[in-house]
Structure formats: C-alpha cells, structure tokens
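Here is a short briefing on one protein model. Please look over the sequence and the structure first.

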Amino acid sequence: MSELLLDAEALYLELKKGVQRLLTPDTALVGIWSGGAWLAERLAADLGLACGTISSAMHRDDFGSRGLAKADHTKLPFDVNGRDILLIDDVLYTGRTTRAVINELFDYGRPARVQLAVLVDRGGRELPIEPAFSAARVTLNADQSLRLARSDDGRFAFEVK
C-alpha cells in the first residue's frame, strides 16, 4: 500500500480561497472542535472575520458508548440569528459530527444559512451531508484515520494512522 502524503499547509491555502468564494457580508466562521477550530481561527485572522468554535459532544448519536467528552468548546461570540454561518472542519468522513454540530448551532439560534467547508473530504458518508467546498478528496480504508495536527508555531500537518 502506498503512503498518503498530504501537504496540510498547501491545502490550507486552497481552503482559504474556497472560503473566500463562499463569504457574504454577514458570514461568521464556526470551527468544529478541534481541528476545524484551529483552521477557523487562522482563517478568521487571515480574512478579518468573526469566528467561534463549536463542539459536537452534547449532540452525538454515539453518546451512550463514548460518554461525555469535555463539552465546553462551544463559544459563539456573536448572534447566530439571521447570520450566514460557515462551518469549518478538518476532515469530513461519515457526516455524523457535522449533524451533531448543526444541532448544537440551532441551540444558539436560527441562522439564515449554514454551509460547510472542509480541508479534506475522505468520503464514506453515512448521512446526506456534503461540503460546499473541500480543498482535497482522498480515499482511505475504513480502519485508517486522518487527523490534523498543529505545531507550536501554528503550522498544520496531517497524521495518518
């Protein structure tokens, strides 16, 4: 089997371009904890946008088997009502995390529109969730995982296991 090589920094630049095409004057970025939150923070700084973070912990459909993870990662320092929300995530796989964060988002209000942009779409969807933008699409075996890492200087890299 060949080794998967992904340049997370190059993909970040593609994500930034894709996000710019999705923006409206009223867009706020919401990063999905944790890799998506890192990306959203950097995008917000680079593009001068409002930014928050959101956790899927309280709305996961596997809550019974996983238990309660640290759930204090939702911080939305703006009014969600009537706002265009652009969810940012590092890796989209089954769609279940995205579903959970959409439920969490609606606990805070009713956005005008919710879109999703991801660094990598690895396929394997179990729910009808598709990103408005993905910087890359890859295929991995079901037993493999792809995780975004962030160094102390803020640079991104991928870990494939």
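Is the crossing of α1 and α2 right-handed or left-handed? The crossing is right-handed, where right-handed means that the near helix is turned clockwise from the far one by less than a right angle, and left-handed means anticlockwise. This is a predicted model, in which local features need pLDDT of at least 70, side-chain atom pairs count only at pLDDT 80 or more, and totals for chains, interfaces and linings use all residues. Residues are numbered from 1 along each chain as its sequence is written, and side-chain values use heavy atoms, without hydrogens and water.

**Helix pair**
- Helix α1 spans residues 8-22 and helix α2 residues 35-47; their axes come within 11 Å and cross at roughly 60°.
- That makes α1 oblique to α2, as angles under 35 degrees count as roughly parallel, over 145 as roughly antiparallel, 65 to 115 as roughly perpendicular and the rest as oblique.
- From α1, E9, Y12, L15, K16, V19 and Q20 meet L39, R42, L43, D46 and L47 of α2 (contact means heavy atoms within 4.5 Å).
- By class, this contact has six nonpolar, one polar and four charged residues.

**Cavity**
- One cavity of 30 Å³ or more turns up in a search of the whole structure (on a 1 Å grid over the protein atoms alone, a 1.4 Å probe fits at its points but cannot get out).
- The volume of the largest cavity is about 30 Å³.
- Its lining is formed by L22, T27, D84, I85, L86, R113 and Q115 (lining residues have an atom within 4 Å of a point).
- Strand β3 (84-92) and strand β4 (113-121) each give two or more residues to this lining, and β3 gives the most, with three.

**Cis peptide**
- W33 and S34 are joined by a cis peptide bond, with omega about 10°.
- S34 lies in the loop between β1 (27-32) and α2.

Notes. Axes fitted to C-alpha atoms, helices over the stretch in contact; angles between N-to-C directions. Helix = DSSP H or I, 4+ residues; strand = E, 2+ residues; numbered from the N terminus. Nonpolar A, V, L, I, M, F, W, Y, C, P; charged D, E, K, R; others polar. 1 Å grid on protein atoms, 1.4 Å probe; cavity = no way out; pocket = protein on both sides within 12 Å on 5 of 7 lines; lining within 4 Å. Points joined across faces, edges and corners; volume = space filled by probe spheres on them.
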